[in-house]
Amino acid sequence: MIGKLVFEDGSIFEGRSFGNNTSVAGELVFQTGMVGYPESLTDPSYAGQILILTYPIIGSYGVPQKKYWESDRIQITGLIVSQYIGTPSHFQSRQTLASWLKENNIPALEITDTRTLAIKLREKGTSLGKIIIKNDVQFYDPNKENLVAKVSLQTAYRVGKGRKKIVLLDCGAKKNIERCLVKRGVEVIVAPWDYDPFAEKEQFDGLVISNGPGDPKMAGRTIQTIKKGLISKIPILGICLGNQLLALAAGGDTGKLKFGHRSHNQPCMMVGSTRCYITTQNHGFAVSKIPKGFSPWFINANDKTNEGIIHQKLPVMSVQFHPEATAGPTDTEWIFDFFLEKAKLL
Amino acid sequence: MKNPKKVLILGSGALKIGEAGEFDYSGSQAIKALKEEGITTVLVNPNIATIQTSKFLADTVYFLPVTDYFVEKVIQKEKPDGIFLSFGGQTALNCGLSLEEKGILKQHHVSVLGTPVETIRLSEDRDAFSKHLKKIGIATPQSIAVTSTKDALTVAQKLGYPVMVRSGFALGGQGSGIANNEKELDDITQKAFAFVSQILVEQYLHHFKEIEYEVVRDKDDNCITVCNMENMDPLGIHTGESIVVAPSQTLNNFEYQFLRNKAIEIVRSVEIVGECNVQFALNPNPKTGDIDYYVIEMNARLSRSSALASKATGYPLAYVAAKLALSKNLTEITNKVTGATQACFEPALDYIVVKIPRWDIEKFRGADERIGSSMKSVGEVMGIGRTFEEALQKATRMLDLDFEGVTSEVLLKNQKSTKELLEIPTPKRIFAIAKAIKEGIHTKEIQKLTGINAWFLYRIENIVRAEHRVPKNKEKLNVTKLWELKKLGFSDKKIGQLTHTTGLEIRRLRKKIGVIPSMLQIDTLAGEFPAQTKYLYVTYNAAHHDIMPSHKKGVIVLGSGPYRIGSSVEFDWTSVNTALRLKDHGKKSILINCNPETVSTDYDISDRLYFEELTFERIADIYDFEKPYGVVISVGGQTPNNRAQSLHAYGVPILGTRPEDIDRAEDRSKFSKLLDELEIAQPAWNKFTDFHDALRFAEKVGFPVLIRPSYVLSGTLMRICHNKEELEHFLKDATMVSKDYPLTVSKFIEEAKEIELDAVAKKGKVTASIISEHIENAGVHSGDASIVLPPQHLNRQTMDEITQIGEKLARALSITGPFNIQFLAKDNQVSVIEVNLRASRTFPFISKVTGVDFVMLVVDSFFNQTSPNNPSETESVIKRNNVTKNLSKRLPFVALKVAQFSFARITGADPILHVEMASTGEVACFGKTMLEAFLLGSIAVGGKIPKKGIFLSLGGRQNKEAFIEKAKMLKTLNIPIYATENTSVFLKAYGIKTKMLHKIHEKQSPNVLEYFKKQKIDLVINLVEHQRQDEADHYTIRRAAIDHNIPVFTNLQKASVFTQAITTLKESTLPIKSWEEYTGF
C-alpha cells in the first residue's frame, strides 16, 4: 500500500507502507545515527514525533527481545526510512521490524529520498507532519501538550542494591539510565515525573532527572521538585530534558532549536579543557540562559550551543547529551561516575 | 611542543601487491598538512609516477630507495628535525623502525612525529602485542610465536588444525595462510621464514565476521572512530582481498559500540597519536552471552583500509593524522567538507559503500587463483549507493572487466560446479553466489559453503529475483519497473540484454519517461550541515539533486579506474595534473573516478569529484546533467580512451584529437593502411579467422610471430610463437579463432631495440616530443621494460627518423593532445608497432625528468589560446629549458625507470618477462651514468647487491655466449658462483669456475633448492631460451627463488646491465642527490 508523508507547508512525499496501515500526525524530526533503530524507536523522548532515519538501509538485524529495548514499547508516532529490509540476519533477532511496528500499531513508510526530507527540515526548521494511509488526519503539535505526563511511568518501583539511594524522576527515561545507575551499586527508586520525594518524606541521597519528550516548560511539577532539591542541596544530575529542567528550576531559560540534534556523533567540548567527547543526542530544546551559580560545563563544538551546566559549588550538574548512550557511543558514561563521586554516593 | 622546521617523509616506493596507490594519497595529504604549517618537507620516494613527488607538493624530493642506508644519507645531508613514518605503508614503517633501532635518528636529532616508535614496534610484534592486549583484558586468538617450522608443527598439534599462520613485519599478510594439515603448514612456514624470522601459529576462527575500525587519537587523548567496515567475506580472507562494506550492516548497536569501545581502549593503551586501524573477529552466533570477539590485528599507521575509510566518509584521515602528529588537538582542525563543523566528530553516512578488489591473477602464467589470508589483488574500486544492491552492482561494473552487475556470468563459463566455486574462495565467488541463487541453491546452503552472512545473500537474492521478473519485451517496461531495476543498480545495458534490445534504447526510453538519476553530495553529516565541497555520487535512490549543473564552465576529466596490471598511479598523476591545469584556463574541473586508492579522488583536487563508474552510461548521465564544455578522455589510460567512440556517437564533445582520427589509429587495418600511405615501415601482419591461413602466413613471413587473439579463455593474451608446434599448441589451449574472434599475427623481429616517442601536438603540429629507449630488447612488454632517458645507444639518424615519423603521424591524424608511438629498431631500420592517441604511462617520468610538463601542454592544446594566466606557457617552458624537439638530448644526467614485480605474492606465477605485462609498479632513479641510475632503481624495487652467492642458469648457446664476459665480471665480486650442470661446464671452458648445483627435480645433492633454503644465494640469473624441453625445470628454479625472496633476472640485456652495475659500482659511491640537484628546476 502507498502512503503519504505530508509536511505542514503542504509538500507531499509518497512511499510504500510497511508498518501499520493507519494515519498519524506529529512533529517531523530526522536522526542521523547509523545503528540502533530498536533503541531509538523505544526512546520515550521521541514521543509525538514522526522519525525520519537518514541511514538508508533499516531493518537489517531485526528486533531483539524486550530486555534490549529502551522502554517497553515503540514510542515514536511514525517511521520513515529509505529502504526497509525485511530479511534480517542476526542471532538476537526475534522478529522483523515490520511485524514489530504492526504489533505496536505504528505506521511506517519507505520514502526513497530521505535525504531530501532531512535537508528540508535543516533548511526550514522542524515541521509538523502526518503520515496518511487511507483516511486523512489533522496536524498535531505534540509540544503544546505535556508529553512527559504521557510517557512517564504510573507508579514508582525500586531496583538495585546499595548503601545510597537515588530517586530517578522518569520524564520518559531510557531504560539504560537505570541500568547505568544500578551497575554502579546504588539503590534506585524509579518514580513518575511528578513524584515529589520531599513531600513523600522519602529518605534519599541524590536526584536524577531523566530525558524525555517535548517542551521542558510543560513539566512544571518536575521543575518544582528540582527547586526543592536545590534548596535542600541534594546532589542532582540532569540528563537531556533533565538538563533543561534543572536550568529552568535554577532560574535559567530554554529555547527551541531550529531542527534539533538527533545523532550519535555530536562533539561536545568540556569547558576549560582540551577534551572533546562524541555524544549521542536527541533533543529539540536547549538551555539558552545559564542560571546563576552555575557554569557552562559542555559546549557543542559544531554549533556552540550549551550542552551541560554545573553548579559552581554543589554536586549539581546536568548534560544535554546522553551519557547512557543506547543507541550511540558510550564515551560519556563516566558522567555517572563523576556525579556519584562528587555527590559522595559511591 | 614546538613545530619542527623540516620534516622528512618516507614514501612507499613502487606500487606492489599489498602496498599500492593508497600511500600516494596519504603521503600527499601529509605533505599538504605540513606545508600549511609552514614546515619544509623532504620526501624520499623513488616512485616517480606519484603525485606526492610533484613540485607543487614536497619542497625537496629524493628519487632514492626507501632503505635505511639511503635514508640515513638523506638525513645526514638534509638535517631534518622531524620524520613521518606512518604515511608510506609498511616500507616506510620498516625503514623507520630500523633507523631508530640503529640509533641513527637519535644521532641526527630527528624526532619521530606522531605515534611513538615503541607503539609501532609493539603493534608490529604480534607476540608482544597479544601479551599487551591480554594485560588490558582484551581477547586475542590463542597464538604462539615460533621461529622454526618444527616448532610451528608442535604448536599446531597443540592447538588443533586448522591453524592460522601470520607473520609480523610483512605487508599485506605476506607469508600468512590457513593450514588444514601438517603438509600445508610445512609449506606455508617454509615460505614465511624466507621473509621473516618469526611467525605466529594461531587458533583459527572459522567463519567469524571480520570488522574493522579506523581510529584517530590526539595528544590530549581525544579519540574518535571515523568509520567502521564489515568484510563480506568471513575471517580468513585478507581484508585487502575481501569485499568490504562501510558502514557495517549486520552489527547491532551493542556490537557496534562494544567493538568501537575496544578499539578506542586499545588505541589509548598504546598511546597512538594520529591514525590507527583495529581489526576484529566477531562470532556471528556466540554460544554464550551477547558477544564473542577477538582482536586480530592493529596497524599503527595509515593503511589501505584507512584510505578506503577516508574515501567512504569524506573524512581526510591522512591530513588529520599529519596535523595530530604536529601536536594539534582534534578540535583545532576544521571539517573541510562542511567548513563549519569540527574534525572531532564521527561521520554519519546516508549511503553505503562497497569495495571490491581487482585481481589480475589470470595474467600470471602458472598462478593459483585461490584467494586467502595474503594479498593477490592489484587494485580496488568503491561503489557508492543508497542500497547495498545499487552499490554492489556499481562496484562490479567499476572493475572494468565487462561485468554487467553481479549476475554477470562472464567468469563462470566452462567452470567448475557452482558449489565448488562457492566453497573455494576466488575472484569468481561473488558471481557464483548470484548463479547459485539462480540455480535454486538455498541461501542457508550458500552461507554454509561460503561463510558469508545471510544478510548479504538475501540482498543478492533480491537482485536475482528482480532480474527474473524483468519482462522479455521492452514494451512491457513501465516507469515502476524501470525505477525498481535502477534502484537495485541494474545498468541500461543489462536491462537491454534482458529485454532483447540495446542499452542505448533503454536509455532513450528511460529519459523519455523521466527515470533519471540524482546527483548527491557526500557531506560527512548525512544532511545535518550543508557541505562546501563537491564530493558527489550518482544514485537512483533519491529524487533531487544536491547541486546545480556547471554548464560550459565545466570540463569533465575521466580518471583511470581501478589500478591493475597495465594501468596504475601514473594515470592518476596525469588526471590530477589535468584537473589542476584546467583552472588556468578558467574552467571548472569535473573529475570522474572510482578508485579509492587515488589522489584524484581527494575532493580538494578538482572542482567537482564524481566518485563514479567510468562506464558509458554513467559518464553520459553526468554529461547530461552538467552540460559541460567537453570531456577529456586522453589522460586516464586505456579505460577512458575506450569510451571515445560511444561518447562521441552520443554527441559528447571530446577535447583533443577527433574520435574519427582516434579510430584511424586504433583500428589495425586502417592504421596499417595509413602507415603504408605515409611510407612508414611496420612489421608484416595480418588478421585471420582460420588457423591454417594463420599458419601459412607465419611460415611465409617466417617464425617467430606475435599472436594476439581477440578472445581468450584463460591465461595470457599475447604470445610469441617460434614454430608451428607452439602456434598450434597455443591456439588449441588458450584461444578461439573464428569469424567472431579473429586472430592477429605479426612478424616478430628478434633482437630488435624498442624505442618510444612521447609527444604532444596541437592541430597536427608537434609541440614537444621525447624519445626514450628500452634496455630490454623487443619481446618484453613496454610496461615491464627498463626505460632510459636520454637514450644511450641510439644514433642521430635513428633519432631523427623517429622524430620525423612522429611529426608525420601527428599531421596525418590531426592530433591535438598526447600521443605515444612504439618503435622497433634493428640495423638502423625503424618500424612502427603501434600508436596510442593518449597520454602514456611514461608521462610523469618524462615530465619530471625533462622539466617540461607534458600534461600542461596537453591541456593547453585543447584550447585556442594558451592559458590566459600564462599566455605563452608552452613556448616559454621549452625555451626556459633550452630544449628543442629532442628534449632528451640535452640532459646532463641519466634517468632510468625500472619495473616492480610482485611475483612473490602470486603463488605459482612464473617470474619470466615476456610480451604480456606483469609488473605492478615502477620507480625511476637518477645518476651521472646509466649504470648508477639502474643500480639505484634495481635496489629501489627490492634488488640487492649480492653478498652471499650467485646462481647462473644460462639457457641455450646464444645466451651462454652472450653472457661470458658478464660471468667473468661476476667473478670479480669474490663470492661463490653456482651454476647448473650445462652452464657450469660451458663456463669452465672459458676459464670461469663455478660450483655445479643439481636442479630441483633432480633431487640430488648439492641441490639448488637446498642452497636457496640455507640462504647461500642472493642472486639468480636464469636466461631462458624458447623451445626448451626442460623449461618446466627452469620454471621450478625461478619460482623457488621467488619463494625464497631472491632476486631473479630472466632477461639477457637486463641481467647484463645489472652485472655491469654491481661489478663496477659500490653502494657507498652512489650519489645522494635530490631531484632539483639533477635537473636544476
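**Strands, helices and contacts**

User: What is the bridge partner of S518(B) in β18(B)?

Analyst: In this predicted model, the bridge partner is T539(B).

User: How do you know that β17(B) and β18(B) pair, and in which sense?

Analyst: Pairing needs at least two bridges between the strands. β17(B) and β18 (residues 535–539) of chain B have four bridges.

User: Why are β17 and β22 of chain B said to stand at the edges?

Analyst: The strand order is β17-β18-β21-β20-β19-β22 in chain B. β17 (518–521) and β22 (630–632) each have a single partner strand, so one side of each has no neighbour in the sheet. The sheet is open, has six strands, and its pairing is mixed.

User: How are neighbouring strands of this sheet turned against each other?

Analyst: On average by 30°, with direction ignored.

User: What describes the packing of α6(A) and α7(A)?

Analyst: Two packed helices are described by the angle between their axes and the distance between the axes. For α6 (residues 220–231) and α7 (residues 241–249) of chain A, the axes come within 9 Å and cross at roughly 65°. The crossing is right-handed.

User: Which residues make that contact?

Analyst: From α6(A): T222(A), I223(A), I226(A), K227(A) and L230(A). From α7(A): L245(A), L246(A), L248(A) and A249(A). By class, seven are nonpolar, one is polar and one is charged. Lys counts as charged, so K227(A) is the charged one.

User: What makes the two domains of chain A touch, and how far apart are their C-alpha centres?

Analyst: The domain assignment gives domain 1 (2–144) and domain 2 (147–342). Their C-alpha centres lie 26 Å apart. Contact, however, is judged between residues, by C-beta atoms within 7 Å. On that test, 25 residues of domain 1 are in contact with 25 residues of domain 2. On the domain 1 side, β3 (24–31), α1 (37–41) and α3 (114–124) of chain A each supply at least two residues. β3(A) gives the largest share, three residues. By class, this side has nine nonpolar, twelve polar and four charged residues.

User: How do you know that chain B touches chain A?

Analyst: By the C-beta cut-off of 7 Å, 45 residues of chain B are in contact with 40 residues of chain A. On the chain B side, α9 (253–269) and α16 (454–468) each supply at least two residues. The largest share, five residues, comes from α9(B). This side has 22 nonpolar, 17 polar and six charged residues.

Notes
Residues numbered from 1 in each chain as written. Chains lettered and ligands numbered in written order. Predicted model: local features only at pLDDT ≥ 70, side-chain atom pairs only at ≥ 80, totals over all residues. Axes fitted to C-alpha atoms, helices over the stretch in contact; angles between N-to-C directions. Left-handed = near helix turned anticlockwise from the far one by under 90°. Domains from an automatic or database assignment.
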